[in-house]
Amino acid sequence: MIDRKLVLVLGGMLPVAPVAADDVLETIQVTATRRPESTFDVPVATDVLDRAAIRAAAPQTVMELLQGRAGTWYQQTTPGQGVVIVRGLKGSEVLQGVDGFRLNNAIFRNAPNQYISLVDSQMLGQLEVVRGPMSSLYGSDAMGGVVHMLSAEPTFDGPAWQARGSLRTIYGSADESTLSRAEGAAGHSSFVLSGGGTYQSVHDRRVGGGETLPYTSYSQRSADLKVRGLVAEGHELMLSAQYSEQPKTPRYDELTLGYGQSQPNSAVFWFEPQRRELVQLRWKGSGPTPLWDDAEAHVGRQVIDDDRRTREFGSANQDRERNRDTSWGVTFQAGKRLAARHYLTWGADWYDDEVDSSRVRTNIDTGVETVRAPRFPDGSTMDQLGIYAMDDWTASDRLDVIGGLRWSWSRTELPADATGVGVEVDSRDLSGNLGVAYLVADGLKLVANLGRGFRAPNVFDLGTFGDRPGNRFNIPNPDLAPESVTTVDSEVKLDRDGVTGEIVGWYS
C-alpha cells in the first residue's frame, strides 16, 4: 500500500516589540546536519526549544513541549505517557534520541508507544525536531523525522573552582501535582561535575465540570550525572548516566469505559514498572587531521523495562509480564572542511539489541501459577549497522546545497519456537537526501528538499504475539520487508528584524 499526504504547515513567532537585527541571537541546532549550524541556514525544516523555553513550559512529560509546534503533535492514551507525531508518522516511524543515543529499540511499536516519557524533561538543555526523512544521517526509523533531546551541559570560565545549584518546584491545582528538581554543578574550565534529581507526583485529574477522572495518577523519579573533562589539548571525555522510572502507571483506556461499552476491557492494567537506564562515554576531538577537523565518538548501554500487570474484567487470571530491551551502541562521526566551499560530514554507527521477555499467569482465587507465552520471543536480537556521508556545498554566497547518502544493514533474529523453527530477517537499504537553500534577500530564504527514509522490521513487528487491546490477537509474521517513505518539501524561511517564521509545504 502506498500512502500519500499533501500538507501545508504555517509556523512562526512575532515578538512583542521589534528587536534590532544586531541584537538577535541565532538559534543553533546540531541534529539536521550533525554539526552546530543556525536553524535559518540549514536547508531543512527544524524546530528548536532551548532551556529557557523548556523551563517556561513546565511540562509533565517531554511530549507536551511539542504541543502547538509546526508539523508536530503528541498523543496520550495514559497519564505520564505519550507519543510524538511528526508529519503524521509516529512510534518507530520517528527516530527519537537522547544525547546522540537512539531511544528507539527492538520493541518499539510503530503505533503509539510510551518510551519517550522515560526521558526527564527537567534535565534537558535543548530539544530539537527535524521534520522530514533523515535516514541518510540516522538510519532506520527516521521516516517522519528526528526528535533529539539534549541534556544540559554546564560550563565554567577560568581555572578557579566554582559551583552553583538550584531547587525548583512546580505545583498544579487541577491534579494536585508536584514537580521538583534539584541540580548542581562544580568545576572549572577544564573539568565539570554536574547532576540532578527530579521527582514528580500527579494525582487524579479534576476536569472543568468538577468531576475527577479515575486512573489518571502516577509518579516518576529521575536522576542524571555527568563528569566531563579536558584530558589533553583538543580531547574531551564525558561519562554520563541517566535513570528514570515510573513505578506504577495505569492504562487509562483499558480501565475506563469506551464508546458503546458497558464494562471496561480490564479490571487491572498497570505498567509496573516502566524504567530506563543509560550509561554513555563520549569523546570529542578538535583540531585538524587528514580525516577530520572535529570528531565525536560514543559508546553506550541503554536498558528499558516495560513490565506490566494485567487482568481482564470479570476474570480471575492475572498476568505478570517482564519485558526488557538492552541496547549497546557505538557511534562515530567526523567533519572535515574540503577546500573553501565544501564541508564533509561522515561516520558510522552500530547498535545491538537483546530482548528478555516472560509472562506468568496467576489465578487470584486459587494462587495457582502457570507460565504463558511471553509478549516477545525471549532472547530475540536486532543488530543495525550504518555508514554515511553528507556534503554541504556552498555553491555561492546565496546558494547552499547539501547531499547525503547512507548504506544500512539490519538483522532481526527470533529464537526457535516449540517446533524448532527460528526466524532471521536481513534488511539492507540505501537512503539519500538532497537539499537546496537560496538566499533571496537578507533574512529571507527559499528551501527545497527531496529525501528517502526507511524503517527495518524490529522484534515487535516480527515476533509480537498474544492478546492486544480492542479484541485483537497478534501472531508472528516473519515475512515483513522494510517500509519506506519518499518526501519532497519546499519552504520559505524568514528571520529578519526580530521576526521569525516559516511556510512549509510537503508531499509524501
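Student: Which backbone nitrogen lies 3.0 Å from a polar atom of the side chain of Asn363?

Tutor: The general idea is the polar contact, a pair of N or O atoms within 3.5 Å; within protein, one must be able to donate a hydrogen and the other to accept it, and residues adjacent in sequence count only if both atoms are side-chain atoms. In this structure, the nitrogen belongs to Thr366. Asn363 itself lies in strand β21. Please note that this is a predicted model, in which local features need pLDDT of at least 70 and side-chain atom pairs count only at pLDDT 80 or more, while totals for chains, interfaces and linings use all residues. Residues are numbered from 1 along each chain as its sequence is written, and side-chain values use heavy atoms, with hydrogens and water left out.

Student: With which residues is Asn363 in contact, leaving aside its neighbours within four places in sequence?

Tutor: Contact means heavy atoms within 4.5 Å. On that reading, Asn363 is in contact with Ala316, Asn317 and Val368. For the protein as a whole, consider contacts with a separation of 6 or more: residues 24 or more positions apart account for 63% of them.

Student: How many helices and strands does the secondary structure of the protein come to?

Tutor: Helices (H or I, at least four residues) and strands (E, at least two) are DSSP runs, numbered from the N terminus. Here there are 4 helices and 30 strands. As for overall form, the radius of gyration is taken over C-alpha atoms, and the globule rule is 2.2 Å times the number of residues to the power 0.38. The protein has a radius of gyration of 24 Å, close to the 23 Å that the rule gives for 508 residues, so it is as compact as a globular protein of that length. Along the principal axes, its C-alpha atoms fill a box of roughly 75 × 50 × 50 Å.

Student: What percentage of the 508 residues count as buried?

Tutor: Buried means under 20% relative accessible area, exposed over 50%, and partly exposed in between (1.4 Å probe, protein chains only). By that criterion, 50% of the residues are buried.

Student: Which residues have the most contacts inside the largest nonpolar core?

Tutor: A nonpolar core is a set of buried Ala, Val, Leu, Ile, Met, Phe, Trp, Tyr and Cys residues joined through side-chain atoms within 4.5 Å. The largest one has 39 residues, and Val119, Leu127 and Met149 have the most contacts inside it. At least two residues of this core come from each of β6 (83-86), β10 (124-131), β11 (145-151) and α4 (459-463). Not counting residues up to four places away in sequence, Leu127 touches Asp47, Val48, Leu49, Ile54, Leu65, Leu66, Val147, His148 and Met149. Another core, of 13 residues, lies apart from it and includes Ala32, Tyr138, Ala142 and Met390.

Student: How many salt bridges does the structure hold?

Tutor: A salt bridge is a side-chain nitrogen of Lys or Arg within 4 Å of a carboxyl oxygen of Asp or Glu. The structure holds 36 of them. One of these joins the side chains of Glu245 and Arg275 (3.3 Å, N to O). Glu245 lies in strand β16 (residues 235-246) and Arg275 in strand β18 (residues 266-286), so the pair ties together parts that are 30 residues apart in sequence. Glu245 is buried, at 7% relative accessibility.

Student: Where do Glu321 and Arg359 lie?

Tutor: Their side chains meet in a salt bridge (3.4 Å, N to O). Glu321 is in strand β20 (residues 317-338) and Arg359 in strand β21 (residues 342-363), so this pair links parts that are 38 residues apart in sequence. Glu321 is buried at 2% relative accessible area, and Arg359 is buried at 8%. Elsewhere, salt bridges that share partners join Arg51, Arg55, Asp120, Arg181, Glu183 and Asp224 into one network.

Student: What is the phi of Ala58, and is the peptide bond from Glu272 to Pro273 cis or trans?

Tutor: Most residues other than glycine have a negative phi, and most peptide bonds are trans. Ala58, although not a glycine, has a positive phi of about 45°. Ala58 lies in the loop between α1 (51-57) and β5 (72-75) and is partly exposed, at 30% relative accessible area. Asp497 also has a positive phi, near 55°, and is found in the loop between β29 (483-496) and β30 (499-507). The bond from Glu272 to Pro273 is cis, with omega near -10°, and Pro273 lies in strand β18.
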